[in-house]
Every structure is written in C-alpha cells, then in structure tokens.
Amino acid sequence: MFETETVKRPEVSLVITNFNGRKFLPKIIKMLEAQTYQDFEVVFVDDGSRDDSVNFMENVSFDKIVLKKQENKGVASAKRVGVLASRGKYVMFADVDDEFEPKFIETYVEAIKISRADVVFLPVYEVTANHKIRVELPDFSGFNFSTLLLTGRLQGWFCQSISYRQLWTGDLFTDGINYAEDLLAWIRMSKRNQISVFFDTKAPSMYSYIHQEESITRTFTIQAFESQWKSVQSIMQECTSDVENGRKFGKNLLLYFYAQSLIQRDSEVIKWVEGFLLSRTALFKFSFLEKIRIKFKLFSIRTRFRNILMEWKIIK
C-alpha cells in the first residue's frame with residue numbers, strides 16, 4: 001500500500017550501517033533510547049553480516065528502527081540503501097562501533113535549523129587506542145566546499161553532518177568504494193547541487209568517531225591499498241574542475257598508506273606499494289625528493305612524529 005500524505009514522517013532519519021558488528025549493538029541501542037530528541041527514525045542497514053546481528057535487531061523492542069538487509073556489497077552500497085529508505089526531513093549518520101551523547105540528535109537538529117543551511121558540520125571527537133582529540137572546525141565561510149575536502153582541511157566524515165534528505169538523490173555512492181566513500185559522496189553532491197554549507201565551530205562535540213583496529217582505515221594490506229586506489233581513482237575522476245587538488249589528494253592519501261605500511265614493517269606490502277607508487281610518478285607528479293623518500297623508505301618518519309604529537313593531545 002502506498003504511503004499517503006497524511007502519514008507523519010519523522011523529522012530526522014539516522015542511517016546506521018553494520019557488518020558483523022553484533023558486539024556493539026546492545027550499546028548503540030541504549031544510546032538511541034537515551035536520545036533527548038524523539039522525532040526520529042533509525043534506518044539500520046545490515047550489509048550481509050555473518051554473525052548474529054540480524055537476529056538481534058529483529059528482536060529489539062525499540063520501535064524507531066527500520067531494518068534493511070542486503071547481501072554483503074560494502075559500506076557505500078549499504079549507505080545508499082539507507083538514505084534511499086529514509087523518510088525524514090533531515091539525514092544524519094552513525095556507525096555501530098562509535099559512541100554518541102544523549103543530545104546527539106538534538107544538537108545537530110538545532111544547528112541546521114538555526115543556520116538555515118543545506119548541510120551543517122559539527123565538531124566531533126576522534127578516538128584511537130592512544131588518543132582522544134576534539135576535531136575542531138575553523139570558520140570555513142567563503143571557502144569552496146570541494147577544495148576543503150580535497151586539501152584535508154575538512155575531514156568530511158558523515159558523522160559530523162546533518163543535511164536535507166532531498167540532497168541525497170542520484171548516484172552519490174558507488175558499489176565497491178569502501179574507503180573515503182563519504183568524501184566522494186560530498187564531492188558528487190556539491191557538483192550537482194548549489195548547496196550552502198555551515199560550519200558550527202562552537203557546538204559541543206556529541207559524537208566520538210572511534211578507529212577500530214580491524215577497520216579498513218586502520219588496515220594496511222595489499223587488498224586494502226587496492227581499495228584505497230579505487231577510491232582515489234573515483235575521486236580524481238570527479239575533480240574535472242579542480243584537477244590539481246584532486247591529484248594532490250590522491251597522492252597524499254596513498255603516501256599516508258605507504259608510511260603506515262612502513263611502520264607496520266610488512267615487507268611484502270611495502271615492496272608492492274613502493275612499486276605501485278614509483279610506476280605512477282608522472283600521474284602524481286612526485287618531486288625528486290619524494291621519489292628518494294619512497295625509494296629509501298623514509299616516509300614513516302613524518303608519520304611517526306605526527307602520531308607522537310597526537311598522543312600529546314590526549315583528553316582526560
């Protein structure tokens with residue numbers, strides 16, 4: 001039966017994707033139940049989990065959950081399913097292995113209503129095994145949105161954002177793109193729409209983005225590198241009006257991966273990635289010094305120093 005206009009839609013759709021995250025589900029349900037803002041739905045998309053996730057979610061009594069299931073196609077596909085199933089005026093995102101405060105949804109809704117922007121970004125905490133820091137948002141008013149993303153000045157994590165659902169139309173997600181899928185979606189959205197973006201620099205941080213050691217962003221294997229390269233190619237293809245920054249983004253992302261593989265000291269991965277990078281020196285316009293640093297495996301020094309600096313910023 002088709003939904004009529006008299007059916008009340010929730011104001012917010014919170015999209016959560018999951019793959020084998022059963023151990024995190026009881027905690028996230030408690031965080032959802034504790035929300036001070038109540039006019040929301042949770043579009044929970046299970047991406048072909050092989051654990052007991054689906055059975056658990058089918059038996060949860062929390063009545064705001066809309067459960068969607070699919071075969072394992074990756075996080076980008078799961079998020080596309082989530083936004084297409086959303087019915088709210090606004091769309092927000094969360095991951096099952098992250099944490100958020102009771103005023104998470106309330107704070108984000110208040111921010112977008114006050115700003116009257118199409119998309120609003122708020123500060124979040126970034127958490128690893130060694131540090132927890134608040135990812136500040138400088139006042140980026142007047143800056144080009146895509147340029148901020150490509151230059152790394154704005155992380156662009158979905159969990160930082162709230163936006164109008166109408167923006168999430170078209171093919172913003174690509175199956176198989178499981179790394180930087182959020183950045184790719186924002187770039188595509190900004191190309192196809194004249195969107196206003198507001199950065200709420202003074203908002204309290206209601207969300208903690210937790211880097212799990214087993215996540216793709218913390219995995220440095222040949223397979224993970226190939227996944228990153230696929231993402232880089234897609235992002236560079238979208239940057240027809242900003243080719244230089246697109247190329248710089250791709251180069252910096254792949255060099256970061258290379259530095260992390262050096263730290264992990266996996267000789268097979270190091271050799272493979274090194275050969276890959278050196279075969280594409282023309283594409284990424286590596287300088288002579290960068291070529292030397294790759295050839296003599298010197299790229300881990302700066303990354304190690306950066307990691308130490310981040311540890312000094314621990315928040316108790």
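**Ground rules.** I count residues from 1 along each chain as its sequence is written, and I use heavy atoms for side-chain values, leaving out hydrogens and water. Because the model is predicted, local features need pLDDT of at least 70 and side-chain atom pairs count only at pLDDT 80 or more, while totals for chains, interfaces and linings use all residues.

**Entry 1, cores.** Buried means under 20% relative accessible area, exposed over 50%, and partly exposed in between, with a 1.4 Å probe and protein chains only. The core has 55 residues. Leu154, Trp168, Trp186, Ile235 and Leu277 touch the most other members. Helix 8 (residues 243–264) gives the most to this core, with seven residues. Helices are DSSP runs of H or I, at least four residues, and strands are runs of E, at least two, both numbered from the N terminus. I also noted a second, separate core of 41 residues, with Val42, Phe104, Ala111 and Tyr207 among its members.

Next I checked leucine 154. Contact means heavy atoms within 4.5 Å. Beyond its neighbours within four places in sequence, leucine 154 is in contact with Phe121, Leu137, Phe140, Phe145, Leu148, Leu149 and Phe199.

In helix 4, the buried residues include Phe104, Tyr108 and Ile112. Just after helix 4, arginine 116 takes a positive phi of about 60°.

Which residues of helix 9 are buried? They are Val269, Ile270, Val273, Glu274, Phe276 and Leu277. The face turned away from the buried side carries exposed Ser267, Glu268 and Lys271.

I found an open sheet of seven strands in the order 3-2-1-4-9-6-10, with mixed pairing. Two strands pair if DSSP finds at least two bridges between them. Strand 3 (65–70) and strand 10 (197–199) stand at the edges with a single partner strand each, so one side of each has no neighbour in the sheet. Strand 1 (residues 12–18) and strand 2 (residues 40–47) pair in the parallel sense over seven bridges. Valine 15 has valine 43 in strand 2 as its bridge partner.

Key
A nonpolar core is a set of buried Ala, Val, Leu, Ile, Met, Phe, Trp, Tyr and Cys residues joined through side-chain atoms within 4.5 Å.
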